[in-house]
Amino acid sequence: MAVIDRSVFTYFKWNDEEEFIQFTRMNFQAFEYLYTLVHAALIKRSIRPALPPKLRLSLTLKTRHKVYFIGLLLGITVLYNEFLAYEIQAFKWSLRKCTDCVTVLLIADPQILGYQNENYKGSAWAMWDSDRYLKKTFSRAVSRTQPDVIVFLGDLMDEGHIANAEDFEKYKRRLAHIFDTPDHIMKIYLPGDNDIGGEEDMVSSHIHERFNYAYTQSDTLVYSTATFFKVNRLTKTIPAAPKEAFLNDYAERNTTNVVLSHMPLLFMPGTFVQNVLKELSPQIIFTAHEHKAMHMSLDTATDQLSEIWILPPHKTPLYQLRLDMGDIHEIQIPTCSYRMGTPNMGYGLAYIDTQEKTLDFTILWLPERFYQIWIYLYVLGAAFLFSIFFLICSTCMSNHIAYSRVPI
């Protein structure tokens, strides 16, 4: 075997140095120097015939660039999926500067995964990845928009309505970690049916009180020129409006009334909705629950819906609405979680300008996480097949070099 070893490299050295460089990725002098450094580690003592040390080193060098290629491919995939995809999507968001506006960031249906329904193999990874996705997108939304108010429109938890006290506290801590927010930003929390029940089961007064205790705040909150009213269609509760909230002539007032509800209102009219409109006189309504981005307007003169349109996914214009034309505008915000069965996730962003009587709003669409996961699977599969193919080729080449006749 040693004779074959010397013959191979002597032949390459004197007859085909280009082939030698292509095989080892270095010239003969550099190879000999490297060999003197690692020679002792390459000697294999076995009862079976072993490849000569120089041949083992040359095969290692030949595989190195292929390992680098696989590593580079995996590195680029991770870089895109975990960083670039988010930055590229955030770059598409439509933002504006408005010193007189109240900037509101709207979070709908994050529904962090629970421990009872998510009890399959890999559920721990699913929870970790879902939480991390929410945290990464939320932190970018806050840093890019610099909101004055952040509104959580309900369904914060997927299993809040069936959680015991211990699990509820764990969910609350996870939410605090995911949606970590500076103290100077006003935060408004609404319960949804997944938090307190009310859709497929009855609202539990105990569960409702637990949520209100965990997120204690008034149902009427004021920030600058915007007054926010939290209404609950599940429990049929409407906060008492302060006297200044009743707008005889909105065009002459310096306050905008904003109703916040987890459940849609204008699209499902009834006595409760009529009472909300009559008692709170809103110009704007923000809702969630349907996991869609939609806008609708109610003409107060005719008491009929005058406009209904779905916001096209992944198109990010800044829509502007007049607030002094006698219409009430409801905007539904899509879910921000990729686990809700829809490929279109996003946050809502609104600029309320009471002075100019306008509302500018847009959806901050988010990357499709399942698409990224499929990219991971395809790339890992390709890397695995490439490695197997190369391993087979290397084995065949080793046998050919070790046992074929070589000119001496």
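The side chains of Arg-369 and Gln-372 are joined by a polar contact of 2.7 Å. This pair belongs to a predicted model, in which Arg-369 lies in helix α10, spanning residues 369–403. The chain as a whole has 408 residues, 50% of them counted as buried, and a search of the entire structure returns one disulfide.

**Surroundings of Arg-369**

- Arg-369 has a relative accessible area of 3%, and because buried means under 20%, the residue falls in the buried class.
- Beyond its neighbours within four places in sequence, Arg-369 is in contact with Asn-81, Glu-82, Tyr-86, Asp-129, Arg-132, Tyr-133, Tyr-338, Met-345 and Tyr-376.
- The polar contact with the side chain of Gln-372 is formed by the side chain of Arg-369.

**Nonpolar surface patch**

- A nonpolar patch on the surface consists of Leu-79, Tyr-80, Phe-83, Leu-84, Ile-88 and Tyr-371, which together present about 560 Å² of accessible area.
- Helix α4, covering residues 53–91, supplies the largest share of this patch, namely five residues.
- Leu-79 is located in helix α4.
- The relative accessibility of Leu-79 is 46%; it is therefore classed as partly exposed, since that class lies between 20% and 50%.

**Cysteines**

- The disulfide links Cys-98 and Cys-101, with a distance of 1.8 Å between their sulfur atoms.
- The angle about the S-S bond is 65 degrees, and the link of Cys-98 and Cys-101 is right-handed.
- Both partners count as buried because their values are under 20%: Cys-98 has 17% relative accessibility, and Cys-101 has a relative accessible area of 8%.
- Cys-336 is also buried, with a relative accessible area of 0%.

**Chain as a whole**

- Ten helices and 13 strands make up the secondary structure of the protein chain.
- Among contacts with a separation of 6 or more, 76% are between residues 24 or more positions apart.
- The protein chain has an accessible surface of about 21100 Å², and carbon and sulfur atoms account for 58% of that area.

Key. Residues are numbered from 1 along each chain as its sequence is written. This is a predicted model: local features need pLDDT of at least 70, side-chain atom pairs count only at pLDDT 80 or more; totals for chains, interfaces and linings use all residues. Side-chain values use heavy atoms; hydrogens and water are left out. A disulfide is a pair of cysteine sulfur atoms within 2.5 Å. Buried means under 20% relative accessible area, exposed over 50%, partly exposed in between (1.4 Å probe, protein chains only). Helices (H or I, at least four residues) and strands (E, at least two) are DSSP runs, numbered from the N terminus. Contact means heavy atoms within 4.5 Å. Accessible areas come from the Shrake-Rupley method with a 1.4 Å probe; for residues, only the protein chains shown count as cover. Patches are made of residues with over 30% relative accessible area and no salt bridge: like charges are joined within 9 Å, nonpolar side chains (Val, Leu, Ile, Met, Phe, Trp, Tyr) within 5 Å. A salt bridge is a side-chain nitrogen of Lys or Arg within 4 Å of a carboxyl oxygen of Asp or Glu. A polar contact is a pair of N or O atoms within 3.5 Å; within protein, one must be able to donate a hydrogen and the other to accept it, and residues adjacent in sequence count only if both atoms are side-chain atoms.
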